[in-house]
Amino acid sequence: FPYVTPAPHEPVKTLRSLVNIRKDSLRLVRYKDDADSPTEDGDKPRVLYSLEFTFDADARVAITIYCQASEEFLNGRAVYSPKGPSLQSETVHYKRGVSQQFSLPSFKIDFSEWKDDEHPSGLQLAKTLVRGLL
């Protein structure tokens with residue numbers, strides 16, 4: 001865990017986030033176009049999902065979704081590496097504003113392909129990560 005934990009006797013400081021995802025709005029939406037289509041191997045039908053949520057931004061923000069990604073710190077910045085290129089969405093840019101909707105139907109998640117939580121390098125993987133860069 002690369003984050004420094006404050007000492008127990010230090011006062012708690014309130015964080016002011018420039019981007020706030022409304023937790024109650026976070027949802028997986030079943031993708032209708034390719035849902036239940038048979039796989040090439042004749043296995044179970046594939047069920048695809050997209051990720052949607054509502055957020056507020058006090059500044060311009062670029063949002064990228066990563067699935068099954070590891071986190072590393074290089075030169076003081078977090079770098080996320082998904083297990084494969086199909087597990088990273090394109091980056092979507094938003095202006096400052098409230099009640100903005102993130103929806104990217106071109107980025108589909110197929111949970112049936114998720115085998116384990118370990119990256120080949122031994123790093124623990126985040127299941128799904130929403131990254132917002134200001």
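Is Gln 68 buried or exposed? Gln 68 is buried, because its relative accessible area is 4%, and buried means under 20%. I start there since Gln 68 comes up again in a moment.

First, a word on what we are looking at. This is a predicted model. The mean pLDDT of the chain is 80, and 73% of its residues reach 70 or more. Confidence is highest in strand S6, residues 92–94, at a mean of 96. It is lowest in strand S8, residues 126–133, at a mean of 78. Where pLDDT is low, the predicted coordinates should not be read in detail.

Now the backbone. Most residues other than glycine have a negative phi. Which residues have a positive phi although they are not glycines? Gln 68 is one of them, with a phi of about 45°. Ser 99 is another, with a phi of about 55°. Gln 68 sits in strand S4, which covers residues 61–74. Ser 99 sits in strand S7, which covers residues 97–103.

With a relative accessible area of 14%, Gln 100 counts as buried. What lies 3.1 Å from a polar atom of the Gln 100 side chain? The backbone oxygen of Gly 97 does. If we leave aside neighbours within four places in sequence, Gln 100 is in contact with Phe 53, Thr 54, Phe 55, Ala 57, Tyr 94 and Lys 95.

Take Thr 54 from that list. Thr 54 belongs to strand S3, residues 49–57, and is buried at 13% relative accessibility. Again not counting residues up to four places away, Thr 54 touches several residues, including Asn 20, Ile 21, Arg 22 and Ser 25. Ser 99, Gln 100 and Gln 101 are also among the residues it touches.

On to the rings. A pair of aromatic rings is described by the distance of the centres and the angle of the planes. How many aromatic pairs are there? The count comes to 5. In one of them, the rings of Phe 53 and Phe 102 have their centres 4.8 Å apart and their planes at 10°, so that pair is stacked. Phe 53 is in strand S3 and Phe 102 in strand S7, so the pair links distant parts of the chain, 49 residues apart. Phe 53 is buried at 0% relative accessibility, and Phe 102 is buried at 1%.

Another pair is Phe 55 with Tyr 94. Here the centres are 4.9 Å apart and the planes are at 80°, which makes the pair edge-to-face. This pair too links distant parts of the chain, with Phe 55 in strand S3 and Tyr 94 in strand S6, 39 residues apart. Phe 55 is buried at 0%, and Tyr 94 is buried at 15%.

Which residues form one aromatic cluster? Phe 53, Phe 55, Tyr 94 and Phe 102 do.

Methods. Residues are numbered from 1 along each chain as its sequence is written. Side-chain values use heavy atoms; hydrogens and water are left out. Helices (H or I, at least four residues) and strands (E, at least two) are DSSP runs, numbered from the N terminus. Buried means under 20% relative accessible area, exposed over 50%, partly exposed in between (1.4 Å probe, protein chains only). A polar contact is a pair of N or O atoms within 3.5 Å; within protein, one must be able to donate a hydrogen and the other to accept it, and residues adjacent in sequence count only if both atoms are side-chain atoms. Contact means heavy atoms within 4.5 Å. pLDDT is the predictor's confidence in each residue, from 0 to 100. Rings of Phe, Tyr and Trp (its six-membered ring) pair if their centres lie within 6.5 Å; planes under 30 degrees apart count as stacked, over 60 as edge-to-face and the rest as tilted.
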